[in-house]
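Notebook open, structure loaded. I'm jotting down what I look up as I go, starting with the rings.

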Amino acid sequence: MDGFGTIRLHHRTIKRFKGFSRKFKSSYSETLEAVMDFFEWHGILPSKRFADQINKEEAKTRKRVEAAIAIIRNIEKTQTLPTNIMLEALFGKHEIVRKRKEPKLVETKFEKLTREEWNKKESKVSSIKYDRLKEKHTDNLERMIAALNKVEKIKPRFGKPYLKLEISPMELAKLKRQLTRQL
């Protein structure tokens, strides 16, 4: 069994801790253990800003939800009928009627085009490619904004002020790799 030890604390801190411990109706040791477990489990350090960690988790969740939405939209467009038509048919409000489009039998290699028509045809980009490029662009912007949010301006007593980037060398290497891969 563990013995008891002492820690010297200010009276105001002891008073706050006793009030906090009463909310849980447990011993002081159990309350302190629960608090330390919480911080260790969630990876929160008292020296770091809490909002940054919450925003990071929120961004991850948002990206996952947006990816799921994009997948569902892609499936709706390419494989199945749209979800709202399927739901209406399920509840009997709408009849599913698939119109079969007959393919056009036009050979494009003998099609005569003017220079303007050719340029218009060549400059078109599919919506899937456009959406993917747009997603990559927003991902890059989010990465850069996240990196810029970790920059702090340091004003030393002597010398010029400078900027400090608070990320690990592994995070910096990963950011460089991701951005150079997309060039």
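**Aromatic pairs**

I count two aromatic pairs in this predicted model, taking rings of Phe, Tyr and Trp (its six-membered ring) as paired if their centres lie within 6.5 Å. For the angle I use these classes: planes under 30 degrees apart are stacked, over 60 edge-to-face, and the rest tilted. A pair of aromatic rings is described by the distance of the centres and the angle of the planes.

I looked at Phe 17 and Tyr 28: the ring centres are 5.9 Å apart and the planes sit at 50 degrees, so I log the pair as tilted. Phe 17 is in helix α1 and Tyr 28 in helix α2 (residues 28-42), so the pair ties together parts that are 11 residues apart in sequence. My helices (H or I, at least four residues) and strands (E, at least two) are DSSP runs, numbered from the N terminus.

Buried or exposed, or in between? I call a residue buried under 20% relative accessible area, exposed over 50%, and partly exposed in between (1.4 Å probe, protein chains only). Phe 17 comes out at 25%, so it is partly exposed. Tyr 28, at 43%, is partly exposed as well.

I then looked up Phe 38 and Phe 39: the centres are 5.6 Å apart and the planes at 75 degrees, so this pair is edge-to-face. Phe 38 is partly exposed at 40% relative accessible area. Phe 39 has 32% and is also partly exposed.

**Ground rules**

I number residues from 1 along each chain as its sequence is written. The model being predicted, local features need pLDDT of at least 70 and side-chain atom pairs count only at pLDDT 80 or more, while totals for chains, interfaces and linings use all residues; side-chain values use heavy atoms, with hydrogens and water left out.

What does Tyr 28 touch, leaving aside its neighbours within four places in sequence? I find Phe 17, Lys 18 and Ser 21, with contact meaning heavy atoms within 4.5 Å. I also checked the C-alpha atoms of Tyr 28 and Lys 18: they are separated by 7.4 Å, and the two residues are 10 apart along the chain.

Thr 31 is in helix α2 too. Thr 31 is buried, with a relative accessible area of 1%. Not counting residues up to four places away in sequence, Thr 31 touches Phe 17, Phe 20, Ser 21, Phe 24 and Ser 26. With Ser 21 there is a side-chain to side-chain polar contact at 3.0 Å. For that term I need a pair of N or O atoms within 3.5 Å; within protein, one must be able to donate a hydrogen and the other to accept it, and residues adjacent in sequence count only if both atoms are side-chain atoms.

**Salt bridges**

How many salt bridges are there? I get three, each a side-chain nitrogen of Lys or Arg within 4 Å of a carboxyl oxygen of Asp or Glu.

Arg 62 bridges to Glu 142, with the closest N and O atoms 3.6 Å apart. Arg 62 lies in helix α3 (residues 50-78) and Glu 142 in helix α6 (residues 127-149), so parts that are 80 residues apart in sequence are tied together. Lys 63 bridges to Glu 142 as well, at 3.5 Å between the closest N and O atoms. That pair links distant parts of the chain, helix α3 and helix α6, 79 residues apart. I note Arg 62, Lys 63 and Glu 142 as a network of salt bridges.

I looked up the exposure of this trio. Arg 62 is partly exposed at 36%, Lys 63 is partly exposed at 35%, and Glu 142 is partly exposed at 27%.

Lys 150 and Glu 171 meet in a salt bridge, 3.5 Å from N to O. Lys 150 sits in the loop between α6 and β1 (151-154) and Glu 171 in helix α7 (residues 169-181), so this pair ties together parts that are 21 residues apart in sequence. Glu 171 has 35% relative accessible area and is partly exposed.

**Whole chain**

I stepped back for the overview. The chain has seven helices and two strands, in the order α-α-α-α-α-α-β-β-α from the N terminus. Buried residues make up 5% of the 183 residues. Of the contacts with a separation of 6 or more, 25% are between residues 24 or more positions apart.
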